Amino acid sequence: MWQYPPRRILVAVDFGQASERALRVASALAARHGSAVTALHAETLEVPPYFTHDQLNEVERHRRQARREAQRYLEAFVHASAPAATALLMDGPAPEAVLATAAGHDLLVLGTHGRKGPSRWWMGSVAERAVRDSPVPALVVRAEPQPTPGAQVFARPVAVAGPEPGGEADRYARALAASFGGEVAEKTVSSLSDLTCDPGASLVVVATGRHHGGGWFGDTAERLVRACALPMLFVPNRS
């Protein structure tokens with residue numbers, strides 16, 4: 001069961017600028033609360049089914065070498081923005097690896113490009129899956145023209161969107177505001193048309209209802225990820 005303050009924070013990275021910001025934001029939370037941060041990158045190596053035994057052995061040899069190099073690159077990328085984080089490289093489809101690993105953490109942080117088409121992969125599609133299916137709160141950020149301190153996400157008023165006041169999103173937003181000296185600008189919505197990106201906030205906190213596709217607004221969260229330039233925190237029910 002996830003909690004706030006988060007004890008364990010997972011950051012999904014794809015080596016882009018949005019991932020750098022996600023690492024800075026996670027580090028700010030970790031510094032405030034003493035949380036452990038793990039940065040995860042996952043990839044799948046597809047091997048043609050017609051390869052011979054010798055070809056498979058050669059592929060495996062190259063895969064091991066490439067994995068060692070990828071691990072070193074991942075560590076360098078992660079530690080440039082989050083020196084205390086642990087870098088974790090996994091084999092497998094990125095969305096599945098991220099969601100499975102997130103289940104053992106209290107918060108998932110990831111970047112998104114907000115694009116359509118092939119350029120959405122890696123991080124665009126992962127972010128959209130995360131806001132729909134993550135069993136823990138998922139904080140989605142975009143790249144910035146100029147890097148800013150991670151704590152700045154929590155420095156200005158936090159807007160809360162949800163079907164009713166006093167829920168998990170409201171409590172999470174108030175806890176964040178208390179931790180960073182901000183304030184909550186509560187915005188309870190009555191219909192999907194009210195769920196928009198609030199330009200006066202530094203972070204939009206959204207109640208997603210039950211996870212695994214059972215959220216109160218269905219695919220609206222995914223559309224919001226593509227359209228809203230602000231960082232967004234999607235909070236599922238713990239029940």
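Start with the whole protein chain, coloured by pLDDT (the predictor's confidence in each residue, from 0 to 100): the average is 80, and 72% of the residues score at least 70. This is a predicted model, in which local features need pLDDT of at least 70 and side-chain atom pairs count only at pLDDT 80 or more, while totals for chains, interfaces and linings use all residues. Residues are numbered from 1 along each chain as its sequence is written, and side-chain values use heavy atoms, with hydrogens and water left out.

Helices (H or I, at least four residues) and strands (E, at least two) are DSSP runs, numbered from the N terminus.

Select residues 115-123, where pLDDT stays under 50 and the model has 22 contacts (heavy atoms within 4.5 Å) beyond four places in sequence. Over residues 211-216 pLDDT also stays under 50, with 19 such contacts.

Move to helix α1 (residues 17-33) and helix α5 (residues 168-180), whose axes are 11 Å apart and at an angle of about 70 degrees. Axes are lines fitted to C-alpha atoms, for helices over the stretch in contact, and angles run from 0 to 180 degrees between N-to-C directions. Show Ala28, Leu29, Arg32 and His33 of α1 with Leu176, Ser179 and Phe180 of α5, which make the contact.

The buried residues include Pro95, Val98 and Leu99.

Note on methods:
Buried means under 20% relative accessible area, exposed over 50%, partly exposed in between (1.4 Å probe, protein chains only).
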